[in-house]
Amino acid sequence: MSMPRFGPSDDPGASFADLLRRVGLSPHPELGDVEGVANLAVPHATTCVALTYGDGVVMAGDRRATAGNLISSRTMEKVLPADRHSGVAIAGAAGPAMEMVKLFQLQLEHYEKVEGTSLSLEGKANQLSMMVRGNLPAAMQGMVVVPIFAGYDERRGQGRLFSYDVTGGRYEEKEQVATGSGSLHAGTVIKVGYQPGMSRDAAVELCVKALWVAADADSATGGPDPLRGVYPTVATITAAGYERVGDEELRTRFEAIAAEART
């Protein structure tokens, strides 16, 4: 292919994307548009929510990962501990998201070993913000990662939530936050049912209901799967640390929601 030439009145400008369009190529080719483009079915994580309650924060995420119209995984863990008093919930391209979380965990552990004390919750949130910003080139190619960070601030004695955008922008949320393809439905349930100073049981119940509604309205969000014994990941973070809610408790709660829905 020879180099294209343009006259003074036909200059495509400094934009490389515009140049590609002028010569008949797409800067963001769909699969199959350009000969030799691999059929990359990237698994994506979907819906995660988090909210503050009286003793700290609750984080929850469904277990389904999708690749286009296919379910690539039914047991993906999207809510993970960052350290003893904080956690990360991921949505977006699964591969970069898992790599980001593992590196984040390693960095927090390394800091604690070197300095002899853990990084402040604000510092942890800022560190994750830099990592999301570093993923921007991949995000521009479709591999977006948008996490939720939450933890118990030992200095303030309360739970705190942080949301992010694709550019690494960090925003503290006072009550609740949702991300992923089902975030509209899950976030609406939490906004309607949220009350300041909720108990642990009420907060877990609200997160479970939010994921139930999201799974009912969004095909990419996985609901409870009693046949396989797969339930969403739900965890609390308090002064006592990160603690995952057991599947037996979640099974009981989902059975109660199903019974209520039938009536």
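Predicted model: local features only at pLDDT ≥ 70, side-chain atom pairs only at ≥ 80, totals over all residues.

Reader: You mentioned H5. At what angle do H5 and H6 pack?

Author: Helix H5 (residues 183–193) and helix H6 (residues 200–217) pack at about 145°, and their axes are 7 Å apart. Their crossing is right-handed.

Reader: Which residues meet there?

Author: From H5 you have His 185, Ala 186, Val 189, Ile 190 and Gly 193. They meet Leu 206, Lys 209, Ala 210, Val 213, Ala 214 and Ala 217 in H6. Sorted by class, this contact of H5 with H6 has 8 nonpolar, 2 polar and 1 charged residues.

Reader: Nice. Which residues of H5 are buried?

Author: Ala 186, Gly 187, Val 189 and Ile 190 are the buried ones in H5. They lie on the same side of H5, because they cover an arc of only 160° around the axis. Leu 184, Lys 191 and Val 192, on the other side of H5, are exposed. As for what covers the buried residues of H5, that includes strand S2 (48–53), strand S12 (176–179) and H6.

Reader: Why do residues three or four places apart point the same way in an α-helix?

Author: An α-helix has 3.6 residues a turn, so residues three or four places apart point the same way.

Reader: Ah, got it. What about Thr 188, where does it lie?

Author: Thr 188 is in helix H5 too. From C-alpha to C-alpha, Thr 188 and Ala 210 are 7.9 Å apart in space, and they are 22 residues apart in sequence.

Reader: Let's look at strand S12. What does Ala 178 touch?

Author: Ala 178 lies in strand S12. Leaving out residues up to four places away in sequence, Ala 178 touches Cys 48, Val 49, Ile 148, Ser 183 and Gly 187. Ala 178 is partly exposed, with a relative accessible area of 25%.

Reader: Switching topic: how many residues does helix H2 have?

Author: Helix H2 (residues 94–115) has 22 residues and reaches 32 Å from its first C-alpha to its last, close to the 32 Å expected at 1.5 Å a residue.

Reader: Which residues are buried in H2?

Author: In H2 the buried ones are Ala 94, Pro 96, Ala 97, Met 100, Val 101, Phe 104 and Leu 108. Because they cover an arc of only 165° around the axis, they are on the same side of H2. On the other side of H2, the exposed residues are Glu 99, Lys 102, Leu 106, His 110, Lys 113 and Val 114.

Reader: And what covers the buried residues of H2?

Author: Among the elements covering them are strand S6 (79–83), strand S7 (86–89), helix H3 (121–134) and strand S9 (148–153). After H2 comes Gly 116, whose phi is positive, near 80°.

Reader: One more residue: is Thr 238 buried or exposed?

Author: Thr 238 counts as buried, at 15% relative accessibility. Its place is in strand S13 (residues 233–238). Apart from neighbours within four places in sequence, Thr 238 is in contact with Tyr 53, Asp 55, His 85 and Tyr 152.

Reader: Last one! How many helices and strands are in the chain?

Author: The chain has 7 helices and 14 strands. Of its 263 residues, 43% are buried.

Definitions and conventions: Residues numbered from 1 in each chain as written. Heavy atoms only, no water. Axes fitted to C-alpha atoms, helices over the stretch in contact; angles between N-to-C directions. Helix = DSSP H or I, 4+ residues; strand = E, 2+ residues; numbered from the N terminus. Left-handed = near helix turned anticlockwise from the far one by under 90°. Contact = heavy atoms within 4.5 Å. Nonpolar A, V, L, I, M, F, W, Y, C, P; charged D, E, K, R; others polar. Expected span 1.5 Å × (residues − 1). Buried < 20%, exposed > 50% of the residue type's maximum accessible area, 1.4 Å probe, protein only. Arc of directions from axis to C-beta.
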